[in-house]
Amino acid sequence: MLDERAYELLTSQLGIANEEKAALRKQLELLTAEFKNMSSSHKEEVDMLKENIAALKESVDGLNVTIGIQTKMIETKDTAIEALNLRIKELLDENKGLEDQVRNGRKHRFARSSEQTRLLNNRGVDTIAQGKADFDGSKIESSSDKEDKEDENGSPKASLGKPKTKTGAEKRPRSPKKKTKVDKTVVHEVDSYYNLPEGARFMYREGKMDVTCYRVIEHFKAYNVEHIYKVARVQLADGSFVNTMKHPLGRLGGIFSPTLLAQIIGWKYAYHLPLNRIRKLLADQGIHIGKSTINKYIQDGMTQIRLFIEAPFKKSVQDTNYLMIDETTELVGVKDEDTASKAYKKKYLWAFFAKLKKMVYYVYEKGSRGGKIVKDFLEGFKGAISTDGYVGYQIFDDDARYPDIMHVGCWTHTRRLFVEAVESDRRAMDMILLIAELFTTADTHRLLELSPKQLEELRKHDFGITLGKIKTLARKFEKDTQLMANPLMAKAVNYMLNQWKSLENITKCGYAEISNNLCEQRMKTVKLNLKNCQNIGSEEAAKNAAFMFSITESCSLNGVNPVDYIKHLLDCICNNSKQDKTSLLPCFYKSEC
């Protein structure tokens, strides 16, 4: 029989063993849970590390792209710098000595006169003592020695010694540098007006007579000849009647010859003289004609010129791939059809500037500012146009309606609004500086003398970076409610964003200008004329004036004398010339002089 004490001992040992087993099981569960927690935490860390590695890789890729762009920019700039250095070298070679000329010009302009220099140099100076102090021991040449060195003709004899150094007086040019364009030049030799006295002789320098030149320009007053043709009536054998001659000026009519009429038209539209002053000029020359009569002859002559060559002139301006467009106002006398009274009203004149041809065509169409005028003029046109921000031009931003026309905005107008706003908010200067980068880049590109295609590729890269900065800043300004509360800043920002499509087109065209200022400058002629003449009498006269502005301004752009050109056109009208009218346009015209 089992001992109770042994049984109790075994039972207690079994209980202890069970407790230890339960404790071990609990400890195992705790260890298992801890291991699971550790595994999950490590997994999160691994995932986070993987995400960080992916982000770093993306950043590295972005940096590589940026480095590539910057490298390309540096290469472009290096190319531009090399081209600029080459251009500078060429300019220096072409203008060698220009700096010395400028320096000498300033020296002669601001230097003391010879009398002032002599008085200042002799003021309180012992010239004899100074001469002794400066004496270097060389032989002093007396006047008799000098005479011995000249032959009987006054020419210097050959010398075996060291040649004399030229003084400043000997280096002076002996003839005038500036050449004036005159019709005739007459040179008067010394012996034609001067008799050498007995025992005297001419002075020579370096084997040539020492002479200076006096320039005198003589003006011969123009004179006018009046021709009076007596015309008789003749009856022919068949009973019909004829005159002994037709009007000598043909279709031109009037009493002014082509030469005089061209001069008068030139006075008014090339030199902007009002009609009263023209009448006085003619009266001073002995031609006494009333103002209304002179005006009638001028208008008749301009009408004939306009009918003669306006069509090919307009077609030539339209037949290009780049136009700059602008409009301005003028005061025109308009008749009321009901009351027949005339009132002067503000009307609009349009300018279409073909920059590549150096031709400009002005359009007056009842003084309207409607977009229909531009649409009609650009019918069939293919290319780019540069304009300001006038709403009438925005129709050309529609690529669906006008696929062949690229509208390029004007960055000068855009900048001008920020310049006006800079006093009210200094943050406008940030935008002005960014726009200035565009103009600086455009000037650099212009010096490279690239083809339009090459310039287009360069603009996409160089302008694209600056345009991105400008648009980002404009959007930032737009979201700033405090800044947009300023009406000047709001106007500038809204103008830029509304015009952004056309402003950005500068990167898509290599021959378009970044500014429309060249076309605005074509309006200075009109404004100067109106300032002197005040107004235009009628709408028909406004059409004639618009075409005469087209002629005179195109002549100015092509370096053609407008009076000679108008005279040639009037001669062609009088003689019923069959010459091709296209060859008569200012861009093709060759002066007969």
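Modeller: Happy to! Let's begin with Arg 369, which counts as partly exposed because its relative accessibility is 29%; buried means under 20% relative accessible area, exposed over 50%, and partly exposed in between, with a 1.4 Å probe and protein chains only. Bear in mind that this is a predicted model, where local features need pLDDT of at least 70, side-chain atom pairs count only at pLDDT 80 or more, and totals for chains, interfaces and linings use all residues. Residues are numbered from 1 along each chain as its sequence is written, and side-chain values use heavy atoms, with hydrogens and water left out.

Colleague: Which residue forms a salt bridge with Arg 369?

Modeller: That is Glu 327, and the closest N and O atoms are 2.8 Å apart. A salt bridge here is a side-chain nitrogen of Lys or Arg within 4 Å of a carboxyl oxygen of Asp or Glu. The pair links distant parts of the chain, 42 residues apart: Glu 327 is in strand S5, and Arg 369 is in the loop between strand S7 (359-363) and helix H10 (371-377). Helices (H or I, at least four residues) and strands (E, at least two) are DSSP runs, numbered from the N terminus.

Colleague: And is Glu 327 buried or exposed?

Modeller: Glu 327 counts as buried, because its relative accessibility is 10%.

Colleague: How many salt bridges does the structure hold?

Modeller: There are 19. One of them joins Glu 478 and Arg 475, at 3.1 Å from N to O. These two sit three residues apart in helix H13 (residues 452-479), so about one helical turn separates them. Another pair is Asp 571 and Lys 567, at 2.8 Å from N to O. They are four residues apart in helix H20 (residues 562-574), so again the separation is about one helical turn.

Colleague: Which residues are linked in a network of salt bridges?

Modeller: Lys 355, Asp 443, Arg 446 and Glu 513 are.

Colleague: New topic: the inside. Which residues touch the most other members of the largest nonpolar core?

Modeller: Ile 305, Leu 378, Trp 411, Met 496 and Ile 551 do, out of 115 residues in that core. A nonpolar core is a set of buried Ala, Val, Leu, Ile, Met, Phe, Trp, Tyr and Cys residues joined through side-chain atoms within 4.5 Å.

Colleague: What is Met 496 in contact with?

Modeller: Setting aside neighbours within four places in sequence, the contacts of Met 496 include Trp 411, Phe 418, Ile 470 and Leu 503. Contact means heavy atoms within 4.5 Å.

Colleague: Last one: how many helices and strands does the chain come to?

Modeller: The chain has 20 helices and nine strands. Buried residues make up 31% of its 593 residues.
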